[in-house]
Amino acid sequence: GLFVTDYFTRTPRKLSPFRSFASIELFHFHIPEDTVIAVWNLITFKEQGGTFGDQCPDRSITVYFRSGAPSVINPLHTHFPRDTAVPGSFALTLTWTLPNRTTGVFNVTSPLPGDWFLAAHLPKDEGKISVKGLYEECQYLFQPQLIVQRLVNIAVLYPGHVTEQSMAPHNRSCLYKVFVPSYTSRVLVEVLRCRGAEGCPLWLRVRAKAPPLHNSTTLDCREHTPCQLAQDLPFWQHWYYVLVEKHPGVPGTISFQVTVQLTDCSRPSLARPPFLPSSASMNMPHSFGSAGGLALGDSPPPTSPNDTKHPVPIPVTSHAGERCWPVRPTLRNELDTFSVHFYIFFGPNVSVPPDRPAVFVINLLPVLDSGGVLNLELRLNVSSLCGENVTVFGCLNHEVPLTSSDNTSVTCETESLAGFLLSVNATASLSRLRIPYPQTGSWYLSLRSLCATEHGFEPCTNVTAEVYLRAYLSPCINDCGIYGQCKLLRTNNYLYAACECKAGWNGWGCTDNAEAFSYGFQLLSTLLLCLSNVMFVPPVAIAVRSHYLLEAAVYIFTMFFSTFYHACDQPGIVVFCIMEYDVLQFCDFLGSLMSVWVTVIAMARLQPIVKQASVLYLLGAMLLSMALQMDRHGLWNLLGPSLFALGIMAVAWTARTIRRRHCYPPTWKRWAFYLCPGALIAAAAVLLYAFVETEENYFYIHSIWHLLIAGSVGFLLPPRAKPSRRLGPLPRRKGCGYQLCVNEQEELGLVDPAVASINSICTS
C-alpha cells in the first residue's frame with residue numbers, strides 16, 4: 001500500500017507538581033483514519049533563569065494517554081465519589097538521561113482514529129510557599145510531538161459483493177474496510193475459493209475503527225471450512241477493517257475471494273440487499289474511497305459470466321441477538337458550558353414493558369462534551385410493580401445498544417463489549433452513574449425489566465415498570481462539594497473542567513477526607529490569623545501618643561483589612577467575607593506596604609519640612625498602588641518602594657550626622673533598646689515569610705509574621721518630636737527717625753498678620 005506520513009507538534013509548556021487535575025498540562029491531538037502507527041516523541045528539558053537548568057534536581061514526569069477524552073488519573077490514590085466509573089488510560093514515566101534534557105518515545109500500532117489526549121505533571125511537592133522573584137525557579141518544560149503513518153486507498157468492501165484478490169509471493173497481507181451503518185446486528189466476513197500451495201494458509205482478522213492487531217478477532221482458514229468470521233453487535237456508524245494475512249513461509253501465489261454480509265436487526269428476517277443505489281441508503285460517508293473502481297454514487301455494473309465481482313446468496317439466520325428495538329431519541333438542552341440536559345419525549349417517566357427493552361440514545365458532541373461529567377439517574381416507581389419482585393436493569397453502552405439476551409441485560413457484558421450496569425428494584429429504588437470525561441458519540445441506554453425467581457431472572461408477565469430517567473452533563477461531580485471549587489480550564493481551543501480541593505480534602509470530587517482539616521482546626525487557624533492582627537493596637541496607641549496621627553490611621557487600616565482578608569481567605573467552611581475577595585486582598589497588601597512606608601518616613605524625621613513629608617506620603621501611596629496592580633505577588637514590585645523609603649531615611653540621617661558632626665540618632669539607648677531590636681524582629685519576620693512558610697504551617701507561621709511585623713513597628717516608630725525652643729525678640733530696625741516695632745508671633749508665622757496685635761507702642 002501507499003503510506004503518507006503526517007507530523008504534529010505542540011508548544012512547550014511548563015509542568016507543575018500534581019495537586020489536582022487542575023494542575024496538569026493537557027495536550028490535544030487528532031489522529032486521522034487508516035493510521036497504522038502513531039509515534040509520540042516526548043521532549044522534556046529544564047530551564048533556570050533563561051538558561052539550561054543543569055543544577056536543577058531530576059524530577060520524574062508522568063504522561064498519560066487516552067483516546068476520545070482526557071485521562072481520568074489518580075496518582076495520589078485517593079477515593080472517587082460513589083457511583084463513579086473510572087475509565088482506563090495508558091501511563092508512562094520519563095526519567096532523565098542527560099543533565100538538562102530527556103526524550104521518551106511512545107508507539108501505538110493501529111491507533112483508534114479521532115481525538116487523543118496527553119496529560120503530564122510532576123510529582124507532588126512539599127507545598128512550600130515561595131516568594132515570586134526571590135530566586136530563579138527551576139522550570140520543567142514538556143513538548144510532545146506526534147508522527148503518524150497512514151495508508152491511503154484502502155480497498156472498500158461492499159456488503160454482499162465479492163472481491164477477488166491474488167496475493168503475490170512477496171506480499172504478506174491484504175487490507176480492506178467496510179462501513180457498518182446503524183441497526184446492524186451482525187457482521188460476517190468470509191473467505192471463498194482460497195487456492196494456494198498448501199490449501200488455504202491464511203489468517204482472517206477483523207477489527208473495528210482501526211486496522212487489526214495481533215490480538216484482534218482472528219480465524220485460521222486452514223482449520224475452519226468455510227472460513228467465516230462473525231462479529232455480533234458491531235459498532236454502528238464505523239468502519240470495520242478486514243486483514244487477510246498469509247502464513248509465514250508459504251511459497252507461491254494465493255488467490256481468494258472476500259465477501260462481507262451485514263444483518264439488519266430492524267428486520268431480522270431480511271439481510272441487507274447486496275447492492276444499494278447510493279451512499280445515503282447505507283448511511284455511509286461521502287468521502288469514501290473506492291473498491292475496484294466502483295464509484296459510490298453509481299449502481300454496480302450488471303454481472304456477467306466473466307465478471308470478477310458478483311453477488312452471493314445471503315443466508316437468513318434469525319435468532320434473538322439479531323433483533324433490535326426502536327431507539328428513542330433525547331432532546332438536547334444546553335444551559336451553559338458543560339451544563340446540558342437530555343430530555344426524553346413524553347418523559348421523564350418512561351414505561352419498561354415486560355416483553356422488550358426500552359432503548360434511548362444520548363448524543364455527545366465531539367470535543368465539546370468530553371471535558372465534563374455524564375450523569376445518569378434511575379428512580380423506580382415502586383407502586384407500578386403491583387407487588388411483583390421486579391428488577392429493572394439499565395445498560396449504558398457506547399456506540400451500540402446491548403439488548404441481545406436476558407443474561408446480557410443482567411451482566412451488561414458480551415465477549416467483545418462491556419457497558420455500565422445500573423439496577424433498581426423495590427428495595428433499592430434509586431441508582432446513579434457518573435462518567436467523568438466521557439467519550440463523545442452516541443451512548444445507548446437499554447432498560448429491561450426482569451422478575452426474580454428461584455432459577456434467576458426471567459421475563460416478567462403483565463408488569464410494566466415505570467422508571468424516572470434523568471440524564472445530564474455537568475462540569476464537575478456535585479459541583480465539587482463544599483470543600484472544592486469547580487474550575488473551567490482551557491488548553492488551546494479545548495475546554496475541560498476539574499475540581500480544586502481545599503481544607504485537606506482530596507479526590508476527583510473533593511470527597512476524600514483522609515487528610516481533611518477538622519472543624520476545630522479550621523476555626524483555630526482562622527482565629528489565629530485574624531486575632532494576631534490585634535498586635536497592631538500597641539503601635540496605634542504609640543503613634544497616637546506621639547502625635548503620629550497619619551501613621552496611626554494607616555495601622556488601623558492595615559489591622560482592619562488584614563483581619564477580614566484572612567477571615568475570607570480560609571479554605572474551609574469557617575469563612576466570613578464582608579467584601580469581594582479581590583478587594584480585601586488588595587487592601588490588605590496595600591495596608592501592609594503602606595505601614596512599612598510611613599514608618600520609615602517617620603523615622604527619617606521629615607516633619608519640620610511639612611510640604612516635603614506630605615509629598616512623600618502621597619507618592620508612596622501612588623507607587624505602591626501601581627506596584628500592586630502590576631503584580632500583587634512580585635518581589636521587586638513590592639520591594640522597590642520599600643528600598644526607596646529606606647534610601648530617603650538613610651539620606652536624612654546622613655545629612656543630620658554631617659551637619660551635627662555626631663551620629664544620628666545621637667543616644668546609644670535609642671540604638672540598643674529600640675532600633676536594633678526592631679530591625680532584628682523585622683528581619684526575622686521577613687525570613688519566616690520568605691523561607692519557612694509552607695501550605696501546612698501557613699496558619700501559624702503567618703500569624704507569627706503578623707505579630708513580629710506589628711511588634712517591630714512599635715520599636716522602630718520614633719518618639720514624639722521635642723518642641724523647638726522659643727526664639728528671642730528680633731532686633732529692632734530704625735529708619736527715617738522712626739523706630740519700627742515687629743510682632744514676634746507674626747514673624748514666626750504663628751498667627752495671622754491681619755489679626756495680630758501690636759504688643760508695644762513705638763513713638764518717634
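Which residues form a nonpolar patch on the surface? The patch consists of I482, Y519, L523, L527, L531, V534, V537 and I573, which together have about 740 Å² of accessible area. Patches are built from residues with over 30% relative accessible area and no salt bridge, nonpolar side chains (Val, Leu, Ile, Met, Phe, Trp, Tyr) being joined within 5 Å and like charges within 9 Å. Accessible areas follow the Shrake-Rupley method with a 1.4 Å probe, and for residues only the protein chains shown count as cover.

The model is predicted: local features need pLDDT of at least 70 and side-chain atom pairs count only at pLDDT 80 or more, whereas totals for chains, interfaces and linings use all residues. Residues are numbered from 1 along each chain as its sequence is written, and side-chain values use heavy atoms, with hydrogens and water left out.

The chain contains 10 helices and 35 strands, assigned as DSSP runs (helices H or I, at least four residues; strands E, at least two) and numbered from the N terminus. Of its 764 residues, 47% are buried; buried denotes under 20% relative accessible area, exposed over 50%, and partly exposed the range in between (1.4 Å probe, protein chains only). The accessible surface of the chain is about 38,800 Å², and carbon and sulfur atoms account for 57% of this area. Among contacts with a separation of 6 or more, 76% join residues 24 or more positions apart, a contact being heavy atoms within 4.5 Å.

Within the nonpolar patch, helix α2 (residues 519-531) supplies the largest share, namely four residues. I482 belongs instead to the loop between β31 (465-474) and β32 (484-491), and it counts as exposed because its relative accessibility is 59%.

The unreviewed UniProt entry lists several spans as "transmembrane region", including residues 516-536, 548-567 and 671-692. UniProt positions are in the numbering used here, feature names are shortened, and annotations may be inferred rather than shown by experiment. In the model, residues 548-567 are 95% helix and 0% strand, with end C-alpha atoms 29 Å apart. Residues 671-692 are 100% helix and 0% strand, and their end C-alpha atoms are also 29 Å apart.

The whole structure holds 18 salt bridges, each defined by a side-chain nitrogen of Lys or Arg within 4 Å of a carboxyl oxygen of Asp or Glu. One of them joins E399 to K209, with an N to O distance of 2.6 Å. Because E399 lies in the loop between β26 (390-398) and α1 (406-411) and K209 in the loop between β15 (202-208) and β16 (217-220), this pair ties together parts 190 residues apart in sequence. Both E399 and K209 are buried.

In another salt bridge, the closest N and O atoms of D369 and R332 are 2.8 Å apart. This pair links D369, in the loop between β24 (358-364) and β25 (373-380), with R332 in strand β21 (residues 330-336), 37 residues apart. D369 counts as buried because its relative accessibility is 3%, whereas R332 is partly exposed at 25%.

A network of salt bridges links E377, R379, R432 and R470.

R434, in strand β28 (residues 430-436), is buried yet has no salt bridge.

Key: Lys, Arg positive; Asp, Glu negative; His and termini not counted.
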